[in-house]
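Subject: Structure for your review

Dear colleague,

I would be grateful if you could read the account with the structure open beside you.

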Amino acid sequence: MKLYYKAVTKEGKAIDGLIEARDEKEAASYLRSKEFIPITISKEEKTKLTDFIPLLSSKVKSKDILTFTRQMSTMLTSGITLIRCLEIMKDQGKNDALIEVLSGMIRDIEEGKSFSSAIARYPHVFSPVYISSTKAAETSGFLDKALLRLAETLEKQQKMKDAIKGALAYPVIVVVFMIIVIFIMMIFVIPQLSTLYGSLSVELPLPTRILMGLSNFTITFWPVVIGIIGLIVFLIRRWHRTLEGKLTIDGFLLRLPVFGRLIKESILVEFSRTLGVMLASGTLVVDSLEEVSDITGNILYKNAIMDVAQKVEQGITMGDAISVYNLFPQNLVELVKIGEQTGKLDETLVRASEYFEYEVDQSVKVLSTAIGPIITVILGLGVAFLVFSVISPIYQLTNLIQ
């Protein structure tokens, strides 16, 4: 149960926040154990705007987890106890959702649970790979090093996401504004020209008639068009939840020009880097493969990785197991085989991820370079069609007057 409290420290400073407890009595006991004097404890905070507008409620973002992981690793390395690290992170936190998670983790660890067990209660915040890596690290006694590797992995993931988003930001903005301009033209401008040309009794050229027909259709049936588009999106999303839909759509995405290669390379980056991090933390190869299969976001890769895990469990080497799939390039297969022979598979996979990360950067640059001229050509053709459709009747009328 989430409870909102107001309390006073022994220095007389007023504090408030959220705490997770079974009831008010348990929350009060916990506050007193921290040398706080409880003033009020209620089930919810009435004055918060987020209680009235759920969309404004805070949530734990990937950057919050990155900061948390990096700082936890630094503090543990410097010799600070785990409980104290979490308390420092909680006191310095600015995200209410993360503070709530940290409060629950502190309570769990004080009750004798491990760090991995505490974070496992929040699967919406910590990924299965994160939980598995910390669990294996606790067994070996190197939690600080595991968190450092996780922080580096999260930083690279965030960097790659930002690069891809940056490459797609320009075309998305241009397309959105183009749609807005076209909609305004169809609703407000073209009808005025239709009225003008209709009063002139001039035979309109084909492009102008097409433009006016599109304008009339948009004005009359725009709710139907929006409804059809919404229905198509809904049906595609629903179909994608089925096995057949996932296989079809995910396979289609991998075959897309430029974008397909970018998606494939991004998956290979996540696969090799995350698998390397988990193996370095002490997780078994089969367990690591099973965990990594869920982060690819593509059913074809997930099925392939799960099949590889089964073959490895049967005694087949990982290099031989992935070599039968075209989803894994030959250079990755060779690197995996070398890593298995030298006993440094984790390091080899991390190096492979760096190579694929470089390939992703190159693909993003190619996409950024190519998409500008493509959009310019499309906009140019659209503007040329509009100008010709609008000007050609006026040109005809001028010839008739002469």
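In which helix is the place of Lys161? Lys161 lies in helix H8, which covers residues 143–200. Please bear in mind throughout that this is a predicted model.

Lys161 belongs to a patch of positive charge on the surface, where it gathers with Lys59, Lys61, Lys63 and Lys165. With a relative accessible area of 43%, Lys161 is partly exposed.

Helix H8 also holds Asp144. Asp144 is buried but has no salt bridge. The nearest side chain of opposite charge is that of Lys145, 6.3 Å away. Leaving aside residues up to four places away in sequence, Asp144 touches Ser73, Leu76 and Thr77.

I turn next to the salt bridges. Side chains of opposite charge can pair when their charged atoms come close. The count of salt bridges in this model is 12.

One of them joins Glu87 to Arg84, with the closest N and O atoms 3.5 Å apart. Both residues lie in helix H4, three residues apart, which is about one turn of the helix. Is Glu87 buried or exposed? Glu87 is buried because its relative accessible area, 18%, is under the 20% cut-off.

From C-alpha to C-alpha, Asp91 and Leu102 are 9.7 Å apart in space, and they are 11 residues apart in sequence.

A further salt bridge is formed by the side chains of Glu270 and Arg273, at 3.3 Å from N to O.

In helix H13 (residues 299–313), Asp307 and Lys311 are four residues apart, so about one helical turn separates them. Their side chains meet in a salt bridge of 3.4 Å, N to O. Asp307 counts as partly exposed at 24% relative accessibility, and Lys311 is partly exposed at 22%.

Finally, Asp108, Lys113 and Arg121 are linked in a network of salt bridges.

Yours sincerely,
A colleague

Conventions: Residues numbered from 1 in each chain as written. Predicted model: local features only at pLDDT ≥ 70, side-chain atom pairs only at ≥ 80, totals over all residues. Heavy atoms only, no water. Patch = residues over 30% accessible without salt bridge, like charges linked within 9 Å, V, L, I, M, F, W, Y side chains within 5 Å. Areas by Shrake-Rupley, 256 points an atom, 1.4 Å probe, with all protein chains shown as cover. Salt bridge = Lys/Arg side-chain N within 4 Å of Asp/Glu carboxyl O. Lys, Arg positive; Asp, Glu negative; His and termini not counted. Charge placed at Lys NZ, Arg CZ, Asp CG, Glu CD. Helix = DSSP H or I, 4+ residues; strand = E, 2+ residues; numbered from the N terminus. Buried < 20%, exposed > 50% of the residue type's maximum accessible area, 1.4 Å probe, protein only. Contact = heavy atoms within 4.5 Å.
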